[in-house]
Amino acid sequence: MGGDTITTPTTRAHAAPLAQGRAARELGLKRGEFELAVRLGRVRTVPADGGGRRRVAREEIERVRDSAGFPERLREHVRAVGTTEGAGLMDITTARFTRLARAGILTPVKFYLNRYRAVVWLYLAEELREFAAAEVNAPLLTGRAPDRMRARLDAGIDLRARNWRSRQAGFLLGQCTDAWERAAAVASLLDPVQIAELVRCPYERGYLHKLRPEPSGHGAPDSPAARIAERITTADDPHEISWLRASLLLSMAEARRLRPAPRPSTGHPAVGHQEPTAPLTHARALALADPETLPVTSPGPEEENPPDDDVPRRPRPPRKLLDWLRRNREA
């Protein structure tokens, strides 16, 4: 016995994290279901060693598998539906559903482009049922819409893309581990012109681009579908842009204190930005992100909705950044 060699198998807890595709198969989820599970925090990911797409630890797979009602309950948590099915779940007409979504009452969780390159918004079935079941929301489901909501719709406001970006911002920021990643996440929602105005150093802009969150696939780069998706994922409301600009300034100030952006060793001092002479407060950052100087962006692409959906959006009153990010979760 003493001469026998005893081998101990590697425990699953210390196994290498799985690629997301493998993790989806382990959990019996389709690709879209798995992506939503990650975005909603139902499945937690970890940074990949050496960079690249985030991975899923083996213990996280086991945690999800051991949860009550797996896998049916997990699939129900991530079930996304379109306008017609969503209206059926809420027992309202598709026209009323669309008006609620355009007014910002219902928040999309994802979108895709159909074969006609029309934008199709999807909503969490679980959220729609909870909304319809809440007694306080009953007036929105029957009868005449509130005056304020009708005024918004009559003015041509459509908050679906902005609400989706708000949700996306919350997800991206939740994945960040330091200020540079937070700055890159915020920058991913801004037009490159806006970024160049605020981040003058080319090395810093290059680093932000390197850390930029992986975009969702919507066609080949520079294809018509990709350009439509880019317009949806890029902030276009003046007040939204001003808050994102302020947030980028704050994140960059923190990131520069953390560490400088990598740059080639040239022997010459870096140029392109100056450290602020005074601490950058949120108020000062907002003042630097002057909305009066922002370019006007043309309205988004035609969407799969009633004929008045191509009316340009109008600006809304400004709100605190955290309120903007959390607004949808409080609905």
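Start by selecting Phe 111, Trp 121 and Trp 164: ring pairs link these residues into a cluster. Rings of Phe, Tyr and Trp (the six-membered ring for Trp) count as paired if their centres lie within 6.5 Å; planes under 30 degrees apart are stacked, over 60 edge-to-face, and the rest tilted. You're looking at a predicted model, where local features need pLDDT of at least 70, side-chain atom pairs count only at pLDDT 80 or more, and totals for chains, interfaces and linings use all residues. Residues are numbered from 1 along each chain as its sequence is written, and side-chain values use heavy atoms, with hydrogens and water left out.

How many aromatic pairs does a search of the whole structure find? There are four. Zoom in on Phe 111 and Trp 164, an edge-to-face pair at 5.3 Å centre to centre with 80 degrees between the planes. Phe 111 sits in strand β2 (residues 110–113) and Trp 164 in helix α10 (residues 160–174), so the pair ties together parts 53 residues apart in sequence. Helices (H or I, at least four residues) and strands (E, at least two) are DSSP runs, numbered from the N terminus. Both Phe 111 and Trp 164 are buried, where buried means under 20% relative accessible area, exposed over 50% and partly exposed in between (1.4 Å probe, protein chains only).

β2 and strand β3 (residues 119–124) run antiparallel to each other, paired over four bridges; two strands pair if DSSP finds at least two bridges between them. Now bring in the rest of the sheet: three strands, open, ordered β1-β3-β2, with antiparallel pairing. β1 (80–81) and β2 are the edges, each with a single partner strand, so one side of each has no neighbour in the sheet.

Next, select helix α14, which lies across β2 and β3 and runs at about 155 degrees to β2. (Axes are lines fitted to C-alpha atoms, for helices over the stretch in contact, and angles run from 0 to 180 degrees between N-to-C directions.)

Then colour the largest nonpolar core, which has 28 residues; Met 90, Phe 97, Leu 106 and Trp 121 touch the most other members. Helix α14 (residues 224–233) gives this core its largest share, four residues. Such a core is a set of buried Ala, Val, Leu, Ile, Met, Phe, Trp, Tyr and Cys residues joined through side-chain atoms within 4.5 Å. Click on Phe 97: leaving out residues up to four places away in sequence, its contacts include Thr 83, Met 90, Leu 106 and Tyr 123. Contact here means heavy atoms within 4.5 Å.

Another core lies apart from that one, with 22 residues, including Leu 189, Val 199, Ile 241 and Ala 261.

Cys 176 counts as buried at 18% relative accessibility, and Cys 201 is buried at 0%. How many disulfides are there? The count is zero, taking a disulfide as a pair of cysteine sulfur atoms within 2.5 Å.

Finally, zoom out to the whole protein. The secondary structure comes to 17 helices and three strands, and buried residues make up 42% of the 331 residues. Among contacts between residues at least 6 apart in sequence, 74% join residues at least 24 apart.
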